[in-house]
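User: I'm new to this one and would like to learn how to read its features. Could you walk me through them?

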Amino acid sequence: YSQAKKGMPAPEIRLPDTSGAAVSLHAMKGKVVLVDFWASWCRPCRQNNPALVDLHKKFKGKDFEILGV
């Protein structure tokens, strides 16, 4: 466990995607990455999902990624 500090790189997040392939936050270095911690049972999380989809469409291909955890 590593605590994030302002101005420093984010701690590594490495988790499997829906197909089982590893996804690494550090592999996205140089991009703006929005890390969204959510749960299927969390109503506000689910209500925010359409806004994240819109954001992804708006910035797709512009070194912007959303990492849902």
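This is a predicted model: local features need pLDDT of at least 70, side-chain atom pairs count only at pLDDT 80 or more; totals for chains, interfaces and linings use all residues.

User: What counts as a pocket, and which residues lie nearest the centre of the largest one?

Analyst: On a 1 Å grid over the protein atoms alone, a pocket is an open set of points where a 1.4 Å probe fits, with protein on both sides within 12 Å along at least five of seven lines; lining residues have an atom within 4 Å of a point. The volume is the space filled by probe spheres set on the points, which are joined across faces, edges and corners. Here 13 residues line the largest pocket, and W38, N49, I66, L67 and G68 lie nearest its centre.

User: Which helix and strand each supply at least two residues of that lining?

Analyst: Those are helix 1 (43–59) and strand 4 (64–68). Both are DSSP runs numbered from the N terminus: helices are H or I with at least four residues, strands E with at least two.

User: How does the lining of the largest pocket divide by class?

Analyst: It has six nonpolar, four polar and three charged residues. Ala, Val, Leu, Ile, Met, Phe, Trp, Tyr, Cys and Pro count as nonpolar, Asp, Glu, Lys and Arg as charged, and the others, Gly among them, as polar. The second largest pocket, with about 210 Å³ of space, has seven nonpolar, two polar and two charged residues in its lining, including P9, H26 and K31.

User: Which residues does the disulfide join?

Analyst: A disulfide is a pair of cysteine sulfur atoms within 2.5 Å. The structure holds one, joining C42 to C45 with S to S 2.4 Å. Their link is right-handed, with 70° about the S-S bond.

User: Is C42 buried or exposed?

Analyst: Buried means under 20% relative accessible area, exposed over 50%, and partly exposed in between (1.4 Å probe, protein chains only). C42 is at 16%, so it counts as buried, whereas C45, at 22%, is partly exposed.

User: How is a pair of aromatic rings described?

Analyst: By the distance of the centres and the angle of the planes. Rings of Phe, Tyr and Trp (its six-membered ring) pair if their centres lie within 6.5 Å; planes under 30 degrees apart are stacked, over 60 edge-to-face, the rest tilted. This structure holds one aromatic pair: F59 and F64, tilted, 5.5 Å centre to centre with 55° between the planes. F59 is partly exposed at 31%, while F64 is buried at 11%.

Definitions and conventions:
Residues are numbered from 1 along each chain as its sequence is written. Side-chain values use heavy atoms; hydrogens and water are left out.
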